[in-house]
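Trainee: Could you take me through this structure slowly, and show me how to read its features one by one?

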Amino acid sequence: MTDLVIRALTESDAHLFHTLADPGLVGRIVTGIEYRTIAQGGDYRPEWTLVALRDGKVVARGAWWGGPDDTAPININWFDFADGEQEAGTELLRQAPFDVEYELILPSDWRADPATLAAGEARVAAAEAAGKRALVERCRYAWTPEQGLPERPGRLVFREERDDQVLLDVLRQISSATLDAHALHATAEHGLDTAAQEDLDYIHWCPEAWPQLAFTPGGELVGLHLPCRVPSGFAAGFIGVVPGQRGHGYAYDLVVESTHFLVERGATRIVAATDDGNFPMLANFAKAGYPVVQKRIDLI
């Protein structure tokens, strides 16, 4: 077998990305998004896209992604390889200059179809061979008006908050007793302050965000929710209840308030996500009419 050549694309040869056949089973293609560079009206950058070539033929590819204002990629969300070229995919990840999270997007029932299951497991195996490890599987939701607008419970009072120190304090409280795998990982690796700062950084990263604190009518802090706009559209970007207010079902109130807030600003589709093992949040999104449209495995 001839040696691999692994290199970044350029704008002039970005078409090479499409020369690798893709059955469309897993990966970002299941969202209906095509690989196009920013110059072509898409959201990928050729200098952040690698291909592995054997005898001039693309046998593996990876596209790293970032928001319009990002100066470095924040994840890789497009990674695949030809049949029999799993090792080429692993080598592409090993040689990549970017050490960021791999987001493997999957159909919601990806384990039910043998071909889809095999495709997903092969990508996970290739990434793990390159040194990554699976952190969590997540549910991805998309609410639309057809689901019905849930009625506001009316139990809480909401206030928009823009003071970073106030937000950090609330985020620390939420992260101190969380089920979220990313927050738990950040806390274990770098401490609670880092976990809170990462959530605050996300708020600032959003093109538009309206962080809102929630209080009981008596003025006790309940938590924080984040109706926001991300590059793909409107999102319920964060739902968190402080430890002392757990057990009252308030997270549902926060989901509903985010939904109403965004609908009032013209949203006809609202995305959200939570960990597959976060059973309270799974129940809250389901109760609010958010269907699971995809799954995602995050590998770090």
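Mentor: Let us begin with contact, which means heavy atoms within 4.5 Å. Leaving aside residues up to four places away in sequence, Ile29 touches Asp22, Gly24 and Trp78. Please keep in mind that this is a predicted model, in which local features need pLDDT of at least 70 and side-chain atom pairs count only at pLDDT 80 or more, while totals for chains, interfaces and linings use all residues. Residues are numbered from 1 along each chain as its sequence is written, and side-chain values use heavy atoms, with hydrogens and water left out.

Trainee: Where does Ile29 lie, and does it count as buried, partly exposed or exposed?

Mentor: Helices (H or I, at least four residues) and strands (E, at least two) are DSSP runs, numbered from the N terminus, and Ile29 lies in the loop between S1 and strand S2 (49–54). Buried means under 20% relative accessible area, exposed over 50%, and partly exposed in between, with a 1.4 Å probe and protein chains only. Ile29 counts as partly exposed because its relative accessibility is 28%.

Trainee: How do I read the way helices H1 and H2 cross?

Mentor: Axes are lines fitted to C-alpha atoms, for helices over the stretch in contact, and angles run from 0 to 180 degrees between N-to-C directions. The axes of H1 (residues 86–95) and H2 (residues 114–129) come within 8 Å and cross at roughly 45°. Angles under 35 degrees count as roughly parallel, over 145 as roughly antiparallel, 65 to 115 as roughly perpendicular and the rest as oblique; H1 and H2 are therefore oblique to each other. Their contact is made by Gln86, Thr90, Leu93 and Arg94 of H1, together with Ala122, Ala125, Ala126, Ala127 and Ala129 of H2.

Trainee: Which residues of H7 are buried, and which are exposed on the other side?

Mentor: An α-helix has 3.6 residues a turn, so residues three or four places apart point the same way. In helix H7 (residues 279–287), the buried residues are Met281, Leu282, Asn284 and Phe285. Seen down the axis of H7, these buried residues fall within an arc of 165°, so they line one face of the helix; the arc is that of the directions from the helix axis to the C-beta atoms. On the other side of H7, Phe279, Ala286 and Lys287 are exposed.

Trainee: What covers the buried residues of H7?

Mentor: The cover includes strand S6 (134–143), strand S11 (233–241), helix H6 (250–263) and strand S12 (270–275).
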